[in-house]
Amino acid sequence: MHPAEQLAVIIGRIYRSGMTTTSGGNLSIKDDNGDIWITPSAVDKGNLHPDDIMCVKPDGTVVGKHKPSSEFPFHKAIYDMRPDMTAVIHAHPPGLVAFSIVHEVPNTNIIPQAKRICGKVGFAPYDVPGSLALGEKIADEFRKHPDYKAVIMENHGVVLCGKDLLDAYERFETLEFCARTIINAKTLGEPCYLTDAEIDQFELSRTREYPHFMDVAYPSDERAIRREIVDIVRRSCDQGLMISSYGTVSVRWRGNDFLITPPGIARWDIAPEQIVQVKDGMVEAGKTPSRSVAMHQKIYQMHPHIHSIIITQSPHLMAFATSGEKFDVRTIPESWIFLQDIPTLEYGIQYTANNPIPEMLGRLPAILMANDSVIVTGDQLLKTFDKLEVAEFSAKSLIMAAPIGSLRPIDDAKIEDLRVAFNVK
Ligand SMILES: [Zn+2]
């Protein structure tokens, strides 16, 4: 894609996911010629088209129909300091601004993949927006720490760079997710952070070598499942239930064969042909399945009633998974009927030889894994997705309730009435 098209797509995603206002935020790409493509100043961020994007040549010539962003000076300062970086994102997303205004940086050891994606996060002192001095202060932070790719700006926002725009976007979204998760967890109690050794355990848990099969067939029912998976992954991203850097969806196909998402691709950008077929315990040639593929296989083998699985991180469920506070779904009838009681298992249990999760999912529709994710199962994929939404909404209500009072759960007698009325086993 042309840099102007990439910028228009990504600023649209940032706006729609509530990470910038109409006027705030700016992003840029430096191309092979040294031209810097940047979002325009004072044009609606909710409705930018590729022909709105401005181009600033290395000699300072400006091409395009608007004015380049007023923050162009710090974009240029970052590219001058980091020749290996070709994209910069700056915005004022509420979670990271919360850190910015109390002069703190989020600890990315809150979820396993954030340390690798975000790295250590810097803090640049305040200066006037759009000034050369602000550019110098930000560039100075990147100069002092040559491995940093994200900097919180004092009483302002955040700036991140990347080897390309998708890399910068994934970093931005993951860091804002860390910020919101920490804030939500603090509303409930104290967040627990992973040690570097625990994160290494995650990073090393690569998919074990799976035998591949060559003779792959794609009948129409198989292709329909690919489309269904991609639609639910996009919907999860659009609804704030999944971020680019984490999330797995699988659907049973025939017998114990199933289709599953691949790792390493921005989740909202996955195409149907990238979904991986798993047949007779073997993987479609030339593809890599999610690293949790063995657990999915086991779940389908053990539980004929389960036809779909979603594993994800969402900001309110993860507040429970990172604070250790009990996630009590006896809030409203809908929540209990859909979810019953959801336990939180200790971090890393899914990597152990006696992983209890497949067995437990025979009795429970959903499980939280500490600092890691939520796993939700069900028959049709849309119903599983609905359960995930109910769980995230329940977690959000509990967090919103925390400042106004403590939960008055539905009592055991009323739960028994629900069990009978809604035929819950
Ligand atoms: Zn700004």
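Good morning. Helices α3 and α6 are roughly perpendicular to each other (an angle of 65 to 115 degrees), because their axes, lines fitted to C-alpha atoms over the stretch in contact, cross at roughly 70° and come within 7 Å. Helices here are DSSP runs of at least four residues and strands runs of at least two. This is a predicted model, in which local features need pLDDT of at least 70 and side-chain atom pairs count only at pLDDT 80 or more, while totals for chains, interfaces and linings use all residues. Residues are numbered from 1 along each chain, and side-chain values use heavy atoms, without hydrogens and water.

Where the two helices meet (heavy atoms within 4.5 Å), the residues of α3 include L96 and F99, and those of α6 include L175 and I183. The contact comprises eight nonpolar, one polar and two charged residues.

I turn now to the metal. Which residues coordinate the zinc ion? H90, H92 and H156 do, each through NE2, at 2.1 Å; donors are N, O and S atoms within 2.8 Å of this metal. H92 lies in the loop between β5 and α3 and H156 in the loop between β7 and β8, so the pair ties together parts 64 residues apart in sequence. H156 is buried (under 20% relative accessible area), whereas H92 is partly exposed, at 35% (between 20% and 50%).

Finally, strand β5. Five of its five residues are buried, so β5 is largely enclosed by the rest of the structure. Thank you.

Notes:
Donors = N, O, S within 2.8 Å, 3.2 Å for Na, K, Ca; no water. Buried < 20%, exposed > 50% of the residue type's maximum accessible area, 1.4 Å probe, protein only. Axes fitted to C-alpha atoms, helices over the stretch in contact; angles between N-to-C directions. Parallel < 35°, antiparallel > 145°, perpendicular 65-115°, else oblique. Nonpolar A, V, L, I, M, F, W, Y, C, P; charged D, E, K, R; others polar.
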